[in-house]
Amino acid sequence: MSLLEIRGLSVEFPAGENAVKAVSNVSFEVEEGETFGLIGESGSGKSVIGLALLRLLPESAVISGEVIFQGQNLFSLKPSELRNIRGKKISLMPQNPAGALNPVLKNGLQIEEVFEERRVDKKEGMKRSLKLMKKLFLTDPEKLCTLYPHQLSGGMRQRLIACMSLSFEPELLIADEPTKGLDPEAKAGAVDLFTKIKKEYGKTMLLITHDLDLALEVCDRIAVMYAGEIVELNEASKVLNTPVHPYTKGLISAQPRNGLVPLRGQSPSRIKLPEGCFFNERCRCSGIECSKKHPEIKKHKGGWVRCHFQSLQ
Amino acid sequence: MSFPVLTVNELAMKFGTSEVFKNISFSVARGETLGLFGKSGSGKTTIGRCIVGLEKPTGGKILVHGEDILSMGKKEFRKLRPKIQMIFQHPETSLDPRMKAFENLIEPLKIHSGLKQDSLLKRGEELAELTGLRPEHLVRYPGHLSGGEIQRIVLARIMALSPDFIVADEPTSMLDVSVQAQILRLMQKLQRETGVSYLLISHNLEVLRKVCHRIAYLENGTITSIENINRGIKT
(Lines give C-alpha, C1' and ligand atoms only; values in the text may rest on other atoms or scores of the structure.)
Protein backbone atom coordinates (compact mmCIF):
# COMPACT_ATOMS: atom_id res chain seq x y z
CA MET A 1 0.00 0.00 0.00
CA SER A 2 1.20 3.51 -0.79
CA LEU A 3 2.08 5.81 2.10
CA LEU A 4 0.31 8.72 0.46
CA GLU A 5 -2.41 8.60 -2.14
CA ILE A 6 -3.91 11.72 -3.69
CA ARG A 7 -7.15 11.09 -5.55
CA GLY A 8 -8.81 13.68 -7.77
CA LEU A 9 -7.54 16.68 -5.80
CA SER A 10 -8.95 20.01 -7.00
CA VAL A 11 -8.44 23.40 -5.35
CA GLU A 12 -10.18 26.64 -6.28
CA PHE A 13 -9.80 30.12 -4.78
CA PRO A 14 -12.71 32.54 -5.04
CA ALA A 15 -11.81 35.75 -6.91
CA GLY A 16 -14.78 38.12 -6.88
CA GLU A 17 -17.54 36.44 -8.85
CA ASN A 18 -15.10 33.98 -10.39
CA ALA A 19 -12.91 31.19 -9.13
CA VAL A 20 -9.20 30.63 -9.78
CA LYS A 21 -8.61 26.96 -10.54
CA ALA A 22 -5.27 26.36 -8.83
CA VAL A 23 -5.29 22.55 -8.98
CA SER A 24 -7.50 20.44 -11.27
CA ASN A 25 -8.14 16.78 -10.63
CA VAL A 26 -4.64 15.71 -9.57
CA SER A 27 -4.01 12.08 -8.63
CA PHE A 28 -0.76 10.34 -7.71
CA GLU A 29 0.67 7.95 -5.14
CA VAL A 30 3.88 8.10 -3.12
CA GLU A 31 5.35 4.78 -2.03
CA GLU A 32 7.09 4.31 1.31
CA GLY A 33 10.77 5.36 1.10
CA GLU A 34 10.21 7.03 -2.26
CA THR A 35 11.18 10.60 -3.19
CA PHE A 36 8.44 11.95 -5.41
CA GLY A 37 9.08 15.24 -7.21
CA LEU A 38 6.51 17.80 -8.34
CA ILE A 39 8.02 20.12 -10.94
CA GLY A 40 6.64 22.89 -13.12
CA GLU A 41 6.69 26.67 -13.44
CA SER A 42 5.59 29.14 -10.77
CA GLY A 43 1.85 29.14 -10.36
CA SER A 44 1.40 25.61 -11.72
CA GLY A 45 -0.15 24.50 -8.43
CA LYS A 46 2.77 22.57 -6.91
CA SER A 47 2.92 24.38 -3.58
CA VAL A 48 -0.89 24.46 -3.31
CA ILE A 49 -0.88 20.64 -3.35
CA GLY A 50 1.69 20.56 -0.52
CA LEU A 51 -0.35 22.96 1.60
CA ALA A 52 -3.70 21.35 0.71
CA LEU A 53 -2.70 17.93 1.92
CA LEU A 54 -1.84 19.34 5.35
CA ARG A 55 -5.01 21.49 5.21
CA LEU A 56 -2.97 24.65 5.56
CA LEU A 57 -4.78 26.61 2.85
CA PRO A 58 -6.99 29.58 3.74
CA GLU A 59 -10.55 28.72 4.68
CA SER A 60 -11.84 30.36 1.52
CA ALA A 61 -10.17 27.67 -0.63
CA VAL A 62 -12.64 25.18 -2.11
CA ILE A 63 -11.02 21.75 -1.93
CA SER A 64 -12.33 18.47 -3.32
CA GLY A 65 -10.90 14.99 -3.69
CA GLU A 66 -9.17 12.72 -1.19
CA VAL A 67 -5.75 12.58 0.45
CA ILE A 68 -5.18 9.13 1.92
CA PHE A 69 -2.22 8.92 4.31
CA GLN A 70 -1.56 5.53 5.93
CA GLY A 71 -5.09 4.51 5.07
CA GLN A 72 -6.72 7.63 6.61
CA ASN A 73 -8.40 10.37 4.59
CA LEU A 74 -6.77 13.57 5.90
CA PHE A 75 -9.71 15.65 4.68
CA SER A 76 -12.16 13.88 6.97
CA LEU A 77 -10.07 14.17 10.17
CA LYS A 78 -11.04 16.44 13.08
CA PRO A 79 -8.64 19.36 13.74
CA SER A 80 -7.35 17.65 16.92
CA GLU A 81 -6.62 14.44 14.97
CA LEU A 82 -4.88 16.42 12.26
CA ARG A 83 -2.65 18.14 14.85
CA ASN A 84 -1.25 14.73 15.75
CA ILE A 85 -0.22 14.23 12.14
CA ARG A 86 1.16 17.69 11.31
CA GLY A 87 4.82 17.95 12.30
CA LYS A 88 4.84 14.43 13.76
CA LYS A 89 3.92 12.15 10.88
CA ILE A 90 4.00 14.68 8.04
CA SER A 91 6.44 17.59 8.19
CA LEU A 92 6.64 20.60 5.90
CA MET A 93 9.86 22.37 5.00
CA PRO A 94 8.38 25.66 3.83
CA GLN A 95 9.49 27.76 0.89
CA ASN A 96 11.85 30.63 1.79
CA PRO A 97 13.73 29.52 4.94
CA ALA A 98 14.38 33.18 5.86
CA GLY A 99 10.66 33.87 6.09
CA ALA A 100 9.95 30.64 7.95
CA LEU A 101 12.05 31.61 10.98
CA ASN A 102 11.11 34.29 13.49
CA PRO A 103 13.64 37.13 13.00
CA VAL A 104 13.50 38.33 16.62
CA LEU A 105 14.09 34.96 18.32
CA LYS A 106 17.42 33.19 18.59
CA ASN A 107 17.67 29.93 16.65
CA GLY A 108 17.97 27.78 19.79
CA LEU A 109 14.71 29.14 21.20
CA GLN A 110 12.93 28.38 17.93
CA ILE A 111 14.15 24.78 18.00
CA GLU A 112 12.95 24.45 21.62
CA GLU A 113 9.52 25.74 20.61
CA VAL A 114 9.03 22.70 18.38
CA PHE A 115 9.35 20.43 21.43
CA GLU A 116 7.39 22.73 23.74
CA GLU A 117 4.45 22.58 21.34
CA ARG A 118 4.55 18.78 21.47
CA ARG A 119 5.04 18.68 25.27
CA VAL A 120 8.36 16.89 24.97
CA ASP A 121 11.11 17.61 27.51
CA LYS A 122 12.99 20.59 26.04
CA LYS A 123 16.41 19.43 27.23
CA GLU A 124 15.95 15.98 25.76
CA GLY A 125 14.62 17.54 22.56
CA MET A 126 17.57 19.90 22.26
CA LYS A 127 19.99 17.00 22.72
CA ARG A 128 18.29 15.18 19.87
CA SER A 129 18.33 18.31 17.72
CA LEU A 130 22.02 19.03 18.26
CA LYS A 131 22.82 15.47 17.20
CA LEU A 132 20.68 15.86 14.11
CA MET A 133 22.24 19.23 13.28
CA LYS A 134 25.72 17.69 13.35
CA LYS A 135 24.53 14.90 11.07
CA LEU A 136 23.04 17.39 8.62
CA PHE A 137 26.37 19.15 8.10
CA LEU A 138 25.88 22.01 10.57
CA THR A 139 29.21 22.57 12.27
CA ASP A 140 29.23 24.01 15.80
CA PRO A 141 25.44 23.72 16.35
CA GLU A 142 25.75 24.97 19.99
CA LYS A 143 27.01 28.34 18.73
CA LEU A 144 24.41 28.41 15.99
CA CYS A 145 21.68 28.19 18.65
CA THR A 146 22.92 31.46 20.18
CA LEU A 147 22.61 33.36 16.89
CA TYR A 148 19.63 35.03 15.20
CA PRO A 149 18.34 33.76 11.80
CA HIS A 150 19.76 36.78 9.92
CA GLN A 151 23.25 35.78 11.07
CA LEU A 152 23.04 32.51 9.11
CA SER A 153 23.56 32.01 5.38
CA GLY A 154 20.66 30.81 3.19
CA GLY A 155 22.07 27.27 3.14
CA MET A 156 22.45 27.16 6.95
CA ARG A 157 18.91 28.45 7.50
CA GLN A 158 17.66 25.71 5.21
CA ARG A 159 19.51 23.02 7.19
CA LEU A 160 18.14 24.44 10.43
CA ILE A 161 14.60 24.21 9.02
CA ALA A 162 15.38 20.63 7.88
CA CYS A 163 16.45 19.75 11.45
CA MET A 164 13.27 21.25 12.88
CA SER A 165 11.16 19.38 10.31
CA LEU A 166 12.86 16.07 11.16
CA SER A 167 12.63 16.54 14.97
CA PHE A 168 9.87 13.95 15.35
CA GLU A 169 11.14 11.64 12.62
CA PRO A 170 8.08 12.11 10.38
CA GLU A 171 6.93 9.42 7.97
CA LEU A 172 6.59 11.96 5.17
CA LEU A 173 8.63 15.11 4.56
CA ILE A 174 7.25 17.75 2.19
CA ALA A 175 10.01 20.10 0.98
CA ASP A 176 8.73 23.17 -0.87
CA GLU A 177 11.26 24.82 -3.24
CA PRO A 178 14.27 24.08 -1.02
CA THR A 179 16.85 25.57 -3.43
CA LYS A 180 15.05 28.76 -4.50
CA GLY A 181 17.47 31.72 -4.44
CA LEU A 182 20.44 29.70 -3.13
CA ASP A 183 23.90 30.09 -4.71
CA PRO A 184 25.49 27.06 -6.48
CA GLU A 185 27.51 26.05 -3.41
CA ALA A 186 24.44 26.05 -1.17
CA LYS A 187 22.47 24.26 -3.91
CA ALA A 188 25.09 21.51 -4.04
CA GLY A 189 24.80 21.35 -0.24
CA ALA A 190 21.03 20.92 -0.56
CA VAL A 191 21.53 17.94 -2.89
CA ASP A 192 23.84 16.35 -0.28
CA LEU A 193 21.34 17.17 2.45
CA PHE A 194 18.40 15.48 0.73
CA THR A 195 20.50 12.51 -0.38
CA LYS A 196 21.55 12.02 3.25
CA ILE A 197 17.99 12.38 4.57
CA LYS A 198 16.87 9.83 2.01
CA LYS A 199 19.66 7.32 2.63
CA GLU A 200 20.15 7.54 6.39
CA TYR A 201 16.62 8.20 7.52
CA GLY A 202 14.82 6.35 4.72
CA LYS A 203 12.31 9.17 4.64
CA THR A 204 9.49 9.35 2.15
CA MET A 205 9.68 12.77 0.54
CA LEU A 206 7.46 14.94 -1.59
CA LEU A 207 9.86 17.39 -3.20
CA ILE A 208 8.24 20.46 -4.75
CA THR A 209 10.75 22.27 -6.94
CA HIS A 210 11.49 24.02 -10.19
CA ASP A 211 15.16 23.05 -9.91
CA LEU A 212 15.42 20.32 -12.54
CA ASP A 213 18.97 19.36 -11.50
CA LEU A 214 17.92 18.79 -7.88
CA ALA A 215 14.90 16.78 -9.04
CA LEU A 216 17.03 14.54 -11.26
CA GLU A 217 19.59 14.00 -8.51
CA VAL A 218 17.21 13.23 -5.65
CA CYS A 219 13.82 12.07 -6.97
CA ASP A 220 12.76 8.53 -7.87
CA ARG A 221 9.67 9.61 -9.79
CA ILE A 222 8.54 12.99 -11.05
CA ALA A 223 5.20 14.54 -11.95
CA VAL A 224 5.33 17.59 -14.23
CA MET A 225 2.57 20.10 -13.56
CA TYR A 226 1.17 22.70 -15.92
CA ALA A 227 -1.76 25.05 -15.23
CA GLY A 228 -2.88 23.02 -12.22
CA GLU A 229 -2.78 19.52 -13.68
CA ILE A 230 -0.25 16.74 -14.16
CA VAL A 231 0.92 16.55 -17.78
CA GLU A 232 3.63 13.90 -17.42
CA LEU A 233 4.55 11.37 -14.71
CA ASN A 234 7.33 8.81 -14.85
CA GLU A 235 10.69 7.81 -13.38
CA ALA A 236 12.84 10.92 -12.82
CA SER A 237 15.54 9.96 -15.31
CA LYS A 238 12.95 9.21 -18.01
CA VAL A 239 11.06 12.48 -17.52
CA LEU A 240 14.19 14.63 -17.55
CA ASN A 241 16.35 12.73 -20.04
CA THR A 242 13.73 11.53 -22.53
CA PRO A 243 10.72 13.79 -21.98
CA VAL A 244 7.54 13.09 -23.91
CA HIS A 245 5.18 16.01 -23.25
CA PRO A 246 5.98 19.17 -25.26
CA TYR A 247 5.84 21.25 -22.05
CA THR A 248 8.47 19.07 -20.32
CA LYS A 249 10.62 19.34 -23.47
CA GLY A 250 10.19 23.12 -23.33
CA LEU A 251 11.23 23.29 -19.67
CA ILE A 252 14.41 21.36 -20.43
CA SER A 253 15.27 23.53 -23.46
CA ALA A 254 14.86 26.66 -21.31
CA GLN A 255 17.85 25.64 -19.15
CA PRO A 256 20.93 27.77 -19.96
CA ARG A 257 22.99 24.70 -20.86
CA ASN A 258 20.34 23.61 -23.37
CA GLY A 259 20.18 26.92 -25.18
CA LEU A 260 18.05 29.15 -22.89
CA VAL A 261 15.15 28.77 -25.32
CA PRO A 262 12.08 30.30 -23.67
CA LEU A 263 8.66 28.73 -24.00
CA ARG A 264 6.61 31.09 -26.12
CA GLY A 265 3.65 32.91 -24.57
CA GLN A 266 2.35 32.59 -21.04
CA SER A 267 0.27 30.08 -19.12
CA PRO A 268 -3.51 30.42 -19.55
CA SER A 269 -5.79 32.42 -17.27
CA ARG A 270 -6.85 30.12 -14.43
CA ILE A 271 -10.22 31.78 -14.19
CA LYS A 272 -11.25 30.81 -17.71
CA LEU A 273 -9.24 27.79 -18.78
CA PRO A 274 -9.20 26.91 -22.49
CA GLU A 275 -11.58 24.30 -23.80
CA GLY A 276 -8.88 22.10 -25.34
CA CYS A 277 -5.39 21.33 -24.08
CA PHE A 278 -4.21 23.96 -21.55
CA PHE A 279 -0.78 24.02 -23.24
CA ASN A 280 -2.20 24.32 -26.77
CA GLU A 281 -1.40 28.04 -27.36
CA ARG A 282 2.27 27.59 -26.41
CA CYS A 283 2.76 24.17 -27.98
CA ARG A 284 4.97 23.77 -31.03
CA CYS A 285 3.29 20.56 -32.16
CA SER A 286 -0.39 21.20 -31.56
CA GLY A 287 -3.03 19.94 -33.98
CA ILE A 288 -6.72 20.64 -34.60
CA GLU A 289 -7.82 18.24 -31.86
CA CYS A 290 -5.68 20.09 -29.29
CA SER A 291 -7.78 23.26 -29.43
CA LYS A 292 -11.08 21.41 -29.17
CA LYS A 293 -10.71 18.52 -26.78
CA HIS A 294 -9.02 18.48 -23.39
CA PRO A 295 -6.61 15.52 -23.38
CA GLU A 296 -7.00 12.76 -20.81
CA ILE A 297 -3.88 11.47 -19.06
CA LYS A 298 -2.82 8.23 -20.79
CA LYS A 299 -0.31 5.45 -20.11
CA HIS A 300 2.81 5.80 -22.22
CA LYS A 301 6.11 3.90 -21.98
CA GLY A 302 5.68 2.95 -18.33
CA GLY A 303 4.55 6.43 -17.32
CA TRP A 304 1.62 8.79 -17.85
CA VAL A 305 1.26 11.62 -20.38
CA ARG A 306 -1.55 14.10 -21.06
CA CYS A 307 -1.21 14.91 -24.78
CA HIS A 308 -2.99 14.36 -28.11
CA PHE A 309 0.40 14.42 -29.82
CA GLN A 310 0.41 12.03 -32.76
CA SER A 311 3.55 10.11 -31.84
CA LEU A 312 1.91 8.99 -28.60
CA GLN A 313 -0.84 7.11 -30.36
CA MET B 1 36.31 61.07 -28.00
CA SER B 2 33.63 58.60 -26.89
CA PHE B 3 33.77 57.26 -23.35
CA PRO B 4 32.54 53.84 -22.19
CA VAL B 5 29.05 54.13 -20.67
CA LEU B 6 30.47 53.13 -17.31
CA THR B 7 34.01 53.04 -15.94
CA VAL B 8 34.75 51.85 -12.43
CA ASN B 9 38.22 52.72 -11.19
CA GLU B 10 39.95 51.31 -8.09
CA LEU B 11 36.63 51.07 -6.25
CA ALA B 12 36.92 50.13 -2.56
CA MET B 13 34.42 49.61 0.23
CA LYS B 14 34.78 49.11 3.98
CA PHE B 15 32.03 48.51 6.51
CA GLY B 16 33.64 49.56 9.80
CA THR B 17 36.96 47.78 9.86
CA SER B 18 35.91 45.01 7.53
CA GLU B 19 36.99 45.39 3.93
CA VAL B 20 34.30 44.22 1.48
CA PHE B 21 36.26 44.83 -1.74
CA LYS B 22 39.17 46.87 -3.10
CA ASN B 23 40.85 47.70 -6.43
CA ILE B 24 37.68 47.00 -8.42
CA SER B 25 38.19 48.30 -11.97
CA PHE B 26 36.20 47.59 -15.14
CA SER B 27 34.40 49.42 -17.92
CA VAL B 28 31.23 48.68 -19.88
CA ALA B 29 30.71 49.79 -23.49
CA ARG B 30 27.40 50.83 -25.10
CA GLY B 31 25.28 47.78 -25.89
CA GLU B 32 27.50 45.48 -23.85
CA THR B 33 26.57 43.04 -21.07
CA LEU B 34 29.27 42.57 -18.45
CA GLY B 35 28.66 39.70 -16.05
CA LEU B 36 29.81 39.96 -12.44
CA PHE B 37 30.26 36.53 -10.92
CA GLY B 38 31.02 35.73 -7.30
CA LYS B 39 29.81 33.72 -4.31
CA SER B 40 27.12 34.95 -1.91
CA GLY B 41 28.61 37.64 0.33
CA SER B 42 31.46 38.44 -2.07
CA GLY B 43 30.30 42.06 -2.48
CA LYS B 44 28.66 41.83 -5.93
CA THR B 45 25.45 43.55 -4.84
CA THR B 46 27.35 46.29 -2.96
CA ILE B 47 29.31 47.12 -6.14
CA GLY B 48 25.99 47.40 -8.02
CA ARG B 49 24.48 49.59 -5.30
CA CYS B 50 27.54 51.89 -5.37
CA ILE B 51 27.12 52.35 -9.16
CA VAL B 52 23.49 53.50 -8.84
CA GLY B 53 24.32 55.70 -5.85
CA LEU B 54 22.61 53.64 -3.13
CA GLU B 55 25.91 53.14 -1.26
CA LYS B 56 28.88 55.45 -0.98
CA PRO B 57 32.18 53.63 -1.61
CA THR B 58 35.14 54.38 0.64
CA GLY B 59 37.52 54.80 -2.31
CA GLY B 60 37.82 54.91 -6.11
CA LYS B 61 35.88 56.50 -8.95
CA ILE B 62 32.69 55.70 -10.86
CA LEU B 63 32.53 57.43 -14.25
CA VAL B 64 29.31 57.56 -16.27
CA HIS B 65 30.01 58.83 -19.81
CA GLY B 66 33.37 60.04 -18.45
CA GLU B 67 31.91 62.06 -15.55
CA ASP B 68 32.70 61.09 -11.97
CA ILE B 69 29.37 60.59 -10.20
CA LEU B 70 30.98 60.50 -6.75
CA SER B 71 32.17 64.09 -7.03
CA MET B 72 28.84 65.37 -8.42
CA GLY B 73 26.49 67.56 -6.47
CA LYS B 74 23.03 66.22 -5.54
CA LYS B 75 21.26 68.25 -8.24
CA GLU B 76 23.66 67.17 -10.95
CA PHE B 77 23.40 63.49 -9.92
CA ARG B 78 19.60 63.67 -9.85
CA LYS B 79 19.66 64.69 -13.52
CA LEU B 80 21.83 61.69 -14.39
CA ARG B 81 19.97 59.24 -12.12
CA PRO B 82 17.24 58.18 -14.65
CA LYS B 83 19.99 57.03 -17.01
CA ILE B 84 21.42 54.50 -14.51
CA GLN B 85 18.85 52.01 -13.26
CA MET B 86 18.80 48.87 -11.13
CA ILE B 87 16.78 45.63 -11.17
CA PHE B 88 16.68 44.12 -7.68
CA GLN B 89 16.92 40.44 -6.78
CA HIS B 90 13.56 40.05 -5.06
CA PRO B 91 10.76 40.86 -7.50
CA GLU B 92 8.13 40.74 -4.74
CA THR B 93 9.66 43.73 -2.92
CA SER B 94 10.49 45.79 -6.02
CA LEU B 95 7.04 47.36 -6.48
CA ASP B 96 4.72 49.33 -4.22
CA PRO B 97 2.20 46.72 -3.00
CA ARG B 98 -0.54 49.36 -2.64
CA MET B 99 -0.39 50.46 -6.27
CA LYS B 100 -1.78 48.49 -9.21
CA ALA B 101 0.71 47.24 -11.78
CA PHE B 102 -0.02 49.99 -14.32
CA GLU B 103 0.30 52.75 -11.70
CA ASN B 104 3.64 51.24 -10.67
CA LEU B 105 4.68 51.15 -14.32
CA ILE B 106 3.94 54.82 -15.10
CA GLU B 107 5.23 56.23 -11.79
CA PRO B 108 8.75 57.04 -13.13
CA LEU B 109 7.17 58.77 -16.14
CA LYS B 110 5.05 60.92 -13.81
CA ILE B 111 8.17 61.97 -11.88
CA HIS B 112 10.68 62.44 -14.69
CA SER B 113 9.01 62.80 -18.09
CA GLY B 114 6.72 65.84 -17.75
CA LEU B 115 4.24 64.13 -20.13
CA LYS B 116 0.56 65.08 -20.00
CA GLN B 117 -1.96 62.47 -18.80
CA ASP B 118 -2.98 61.24 -22.28
CA SER B 119 0.58 60.82 -23.56
CA LEU B 120 1.61 59.31 -20.26
CA LEU B 121 -1.05 56.58 -20.49
CA LYS B 122 -0.17 55.95 -24.14
CA ARG B 123 3.53 55.61 -23.33
CA GLY B 124 2.65 53.27 -20.43
CA GLU B 125 0.69 51.04 -22.79
CA GLU B 126 3.56 51.01 -25.29
CA LEU B 127 5.98 49.95 -22.55
CA ALA B 128 3.61 47.20 -21.40
CA GLU B 129 3.47 45.87 -24.94
CA LEU B 130 7.25 46.11 -25.32
CA THR B 131 7.76 43.93 -22.24
CA GLY B 132 5.04 41.39 -23.11
CA LEU B 133 2.54 42.38 -20.42
CA ARG B 134 -1.14 41.62 -21.02
CA PRO B 135 -3.92 44.13 -20.13
CA GLU B 136 -5.16 41.78 -17.38
CA HIS B 137 -1.76 42.01 -15.63
CA LEU B 138 -1.90 45.80 -15.51
CA VAL B 139 -5.04 46.01 -13.38
CA ARG B 140 -3.72 43.68 -10.68
CA TYR B 141 -1.82 44.50 -7.49
CA PRO B 142 1.77 43.16 -7.28
CA GLY B 143 0.68 40.57 -4.69
CA HIS B 144 -1.50 38.95 -7.35
CA LEU B 145 1.25 38.69 -9.96
CA SER B 146 3.89 35.99 -10.46
CA GLY B 147 7.63 36.74 -10.07
CA GLY B 148 8.09 36.75 -13.86
CA GLU B 149 5.19 39.18 -14.37
CA ILE B 150 6.62 41.53 -11.71
CA GLN B 151 10.08 41.45 -13.32
CA ARG B 152 8.41 42.45 -16.63
CA ILE B 153 6.79 45.43 -14.88
CA VAL B 154 10.14 46.34 -13.31
CA LEU B 155 11.74 46.21 -16.79
CA ALA B 156 8.92 48.33 -18.28
CA ARG B 157 9.35 50.91 -15.46
CA ILE B 158 13.06 51.04 -16.08
CA MET B 159 12.75 51.30 -19.87
CA ALA B 160 10.30 54.20 -19.40
CA LEU B 161 13.31 56.38 -18.59
CA SER B 162 15.37 55.23 -21.61
CA PRO B 163 18.38 54.31 -19.44
CA ASP B 164 21.91 53.98 -20.78
CA PHE B 165 22.95 51.51 -18.12
CA ILE B 166 21.16 48.92 -15.99
CA VAL B 167 22.57 47.07 -12.98
CA ALA B 168 20.65 43.78 -12.93
CA ASP B 169 21.20 42.14 -9.54
CA GLU B 170 20.31 38.44 -9.81
CA PRO B 171 17.20 39.34 -11.84
CA THR B 172 16.20 35.70 -12.35
CA SER B 173 17.47 33.84 -9.28
CA MET B 174 13.98 33.72 -7.75
CA LEU B 175 12.31 32.68 -11.02
CA ASP B 176 11.79 29.23 -12.46
CA VAL B 177 13.71 27.97 -15.45
CA SER B 178 11.19 28.80 -18.20
CA VAL B 179 10.43 32.31 -16.87
CA GLN B 180 14.18 32.89 -16.38
CA ALA B 181 14.74 32.23 -20.09
CA GLN B 182 11.87 34.58 -21.02
CA ILE B 183 13.19 37.48 -18.89
CA LEU B 184 16.81 37.09 -20.06
CA ARG B 185 15.73 36.93 -23.70
CA LEU B 186 13.56 40.02 -23.13
CA MET B 187 16.57 41.87 -21.68
CA GLN B 188 18.61 40.89 -24.75
CA LYS B 189 15.80 42.12 -27.06
CA LEU B 190 15.66 45.47 -25.25
CA GLN B 191 19.45 45.76 -25.58
CA ARG B 192 19.30 45.14 -29.34
CA GLU B 193 16.53 47.71 -29.75
CA THR B 194 17.86 50.47 -27.48
CA GLY B 195 21.60 49.84 -27.09
CA VAL B 196 21.31 49.75 -23.28
CA SER B 197 24.29 48.27 -21.37
CA TYR B 198 23.98 45.84 -18.47
CA LEU B 199 26.02 44.86 -15.46
CA LEU B 200 24.51 41.42 -14.83
CA ILE B 201 25.23 40.24 -11.29
CA SER B 202 24.77 36.51 -10.76
CA HIS B 203 26.08 33.43 -9.01
CA ASN B 204 24.91 31.31 -11.93
CA LEU B 205 27.85 30.95 -14.31
CA GLU B 206 25.75 29.02 -16.85
CA VAL B 207 23.40 31.99 -17.20
CA LEU B 208 26.27 34.50 -17.44
CA ARG B 209 28.05 32.48 -20.12
CA LYS B 210 24.86 32.38 -22.16
CA VAL B 211 24.01 36.09 -22.12
CA CYS B 212 27.16 38.13 -21.34
CA HIS B 213 29.84 39.51 -23.63
CA ARG B 214 32.41 39.47 -20.83
CA ILE B 215 32.45 38.09 -17.28
CA ALA B 216 34.34 39.61 -14.34
CA TYR B 217 35.18 37.11 -11.57
CA LEU B 218 35.04 38.51 -8.04
CA GLU B 219 36.98 36.57 -5.43
CA ASN B 220 38.18 37.57 -1.95
CA GLY B 221 37.14 41.18 -2.53
CA THR B 222 38.96 41.74 -5.84
CA ILE B 223 38.38 41.00 -9.51
CA THR B 224 40.68 38.12 -10.31
CA SER B 225 40.03 37.98 -14.06
CA ILE B 226 37.78 39.25 -16.84
CA GLU B 227 36.84 36.62 -19.40
CA ASN B 228 35.89 37.54 -22.95
CA ILE B 229 32.97 35.37 -24.05
CA ASN B 230 33.47 36.53 -27.66
CA ARG B 231 29.91 37.24 -28.65
CA GLY B 232 31.00 39.63 -31.35
CA ILE B 233 30.73 42.93 -29.51
CA LYS B 234 33.28 45.59 -28.71
CA THR B 235 34.92 45.26 -25.31
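Two strands count as paired here if DSSP finds at least two bridges between them. The legends below describe a predicted model.

**View 1. Strand 6 of chain B sits beside strand 7 of chain B.** Strand 6 and strand 7 (residues 165–169) of chain B are joined by four bridges, and the two run parallel.

**View 2. Zooming out shows the open sheet of chain B.** Six strands make up this sheet, in the order 6-7-8-3-9-10, and their pairing is mixed. Strand 6 (84–87) and strand 10 (222–228) of chain B are the edge strands; each has a single partner strand, so one side of each has no neighbour in the sheet. Ignoring direction, neighbouring strands are turned by 20° against each other on average.

**View 3. Helix 6 and helix 7 of chain B pack against one another.** Their axes come within 10 Å and cross at roughly 15°. The crossing is right-handed. On the helix 6 side of chain B, look for B:G147, B:G148, B:Q151, B:L155 and B:M159; on the helix 7 side of chain B, they meet B:V179, B:Q182, B:I183, B:L186 and B:L190. Sorted by class, this helix contact has six nonpolar and four polar residues, with no charged ones.

**View 4. Chain B meets chain A.** Here 21 residues from chain B face 23 residues from chain A. On the chain B side, the elements that give two or more residues are helix 6 (147–159), helix 7 (177–194) and helix 8 (205–211). Helix 7 of chain B provides the largest share, seven residues.

View 5. Domain 1 of chain A covers 4–89 + 170–264, while domain 2 of chain A covers 102–168. Their C-alpha centres lie 25 Å apart. Domain 1 of chain A puts 14 residues into the contact and domain 2 of chain A puts in 11 residues. On the domain 1 side, helix 8 (residues 184–201) of chain A gives the most, with seven residues. That side of domain 1 of chain A divides into eight nonpolar, three polar and three charged residues.

Conventions:
Residues are numbered from 1 along each chain as its sequence is written. Chains are lettered from A and ligands numbered from 1 in the order in which they are written. This is a predicted model: local features need pLDDT of at least 70, side-chain atom pairs count only at pLDDT 80 or more; totals for chains, interfaces and linings use all residues. Two residues are in contact if their C-beta atoms, placed from the backbone, lie within 7 Å. Domain bounds come from an automatic or database domain assignment. Ala, Val, Leu, Ile, Met, Phe, Trp, Tyr, Cys and Pro count as nonpolar, Asp, Glu, Lys and Arg as charged, and the others, Gly among them, as polar. Axes are lines fitted to C-alpha atoms, for helices over the stretch in contact, and angles run from 0 to 180 degrees between N-to-C directions. A crossing is left-handed if the near helix is turned anticlockwise from the far one by less than a right angle, and right-handed if clockwise.
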